[in-house]
Amino acid sequence: MEEREKADLRSMDEQQMIELAVEYGEKTFRGRQMFEWIHKKQVRELGEMSNVPKAFLEKISEWYIVSGVRIVEKQVSARKDAAKYLFSLADGNLVESVWMKYRHGNSVCVSSQVGCRMGCTFCASTLTGLVRNLTAGEILSQIYEIQRETGQRVSNVIVMGMGEPLDNFDHLLSFIHLLSHEKGIRISQRNITISTCGLVEQIRRLMEEKLQVTLAISLHAPNDEIRRETMPVAKKYSMEEIFLACRDYIAYTGRRVTFEYSMIDGVNDKTAHAAELARRLKGMNCHVNLIPLNEVKERRTRRSKEEAIREFQRVLENSGINVTVRREMGGDIDAACGQLRNRFINK
Ligand code: SAH
């Protein structure tokens, strides 16, 4: 028999689930019931829906699955304030997520793709290229599984793991709606951050969705020349185009934009770079997050010296730019996106 791909129930919204139930001769409430099992009670299998008729479940199981992820490995940081999970998907592919404990609550950083095709030269996720997009349900399942395993509620989600979320736009959008759904895990959109290497058209599409999510841009350079050295996507979009889209995003949504800036020794960390960046960001409602580079063994890029990071921060601050240096939690847990997976697939 021909192997056909089953559709993922965890990626469907409530209306689609109602339509599915009706299509199979069930009442509309059956769809709502299933939605609740999947997103409120977070079942892993169809068979766990104990008040849904077995015959109906059997019929839909021919065409549908409930996507999920299973823990392959968990690394906990020495201070126990962060953990990295390696998850396997139904088809055997691997993705990573990070759990972080903060004073204000727990954050999870999720992956949006298996691999990535953006090709940033310092990043471990792109070493194998893009394998495939994750479904909305597979992105969600990373959070559900971590909540189950830690027994603690997650209050913040950042889409900053493996993959380029805006390169998986439709699934990302469904994911955001399911994550903030009143009948699901109910994470406020204001507590969701989407990180992108700067796909301008998709930033504008996201803006038009009128969401309340925070946009984070991976900038990593003060100008296009330097940006093109490490980020192939910079050949397609200029920083000016990205800034224009960001200014529109801010005006449209009222949300402050975050710029991520990974500090790479001798590449983007000079005082003059900080001054140039400050000049270009002046007047924008933004926040700069300096990230000491996580060194990836397959890559030649090295982390900036502490002194260079402090000086960079000082220059930005003196120009009135909001800036923080990312607190390092995962130094001892293969923290750079894609590192843990690479160690596994290269075994
Ligand atoms: N594709 C998205 C999100 C995934 S990467 C993006 O580009 O934003 C999450 C962040 O970590 C990005 O800012 C990325 O550039 C950065 N990053 C990737 N590898 C890194 C490394 N080795 N050290 C520090 N930051 C890294």
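Predicted model: local features only at pLDDT ≥ 70, side-chain atom pairs only at ≥ 80, totals over all residues.

User: Which way do the side chains of strand E10 point?

Analyst: In a regular strand, side chains alternate between the two faces of the sheet. Here, Ile-192, Ile-194 and Thr-196 point one way from E10, while Thr-193 and Ser-195 point the other way.

User: Why is E10 described as largely enclosed by the rest of the structure?

Analyst: Buried denotes a relative accessible area under 20%. Five of the five residues of E10, which spans residues 192-196, are buried, so the strand is largely enclosed by the rest of the structure.

User: Which strands pair with E10, and in what sense?

Analyst: Strand E9 (residues 156-159) pairs with E10 in the parallel sense over three bridges; Val-157 has Ile-192 as its bridge partner in E10. Strand E11 (residues 214-218) also pairs with E10 in the parallel sense, over four bridges, and there Thr-196 has Ile-217 as its bridge partner.

User: What units do the helices make with these strands?

Analyst: Helix H5 (residues 169-179) makes a right-handed β-α-β unit with E9 and E10. Helix H6 (residues 200-208) makes a right-handed β-α-β unit with E10 and E11.

User: Which residues touch the most other members of the largest nonpolar core?

Analyst: In soluble globular proteins, nonpolar side chains tend to be buried together. The largest core here has 96 residues, of which Leu-9, Phe-175 and Phe-259 touch the most other members. Leaving aside residues up to four places away in sequence, the contacts of Phe-259 include Ile-217, Phe-243 and Met-284. A second, separate core has seven residues, among them Val-98 and Ala-216.

Technical notes:
Residues numbered from 1 in each chain as written. Heavy atoms only, no water. Buried < 20%, exposed > 50% of the residue type's maximum accessible area, 1.4 Å probe, protein only. Helix = DSSP H or I, 4+ residues; strand = E, 2+ residues; numbered from the N terminus. Pairing = 2+ DSSP bridges. Right-handed = clockwise from strand over helix to strand, strands pointing away. Core = buried A, V, L, I, M, F, W, Y, C linked by side-chain atoms within 4.5 Å. Contact = heavy atoms within 4.5 Å.
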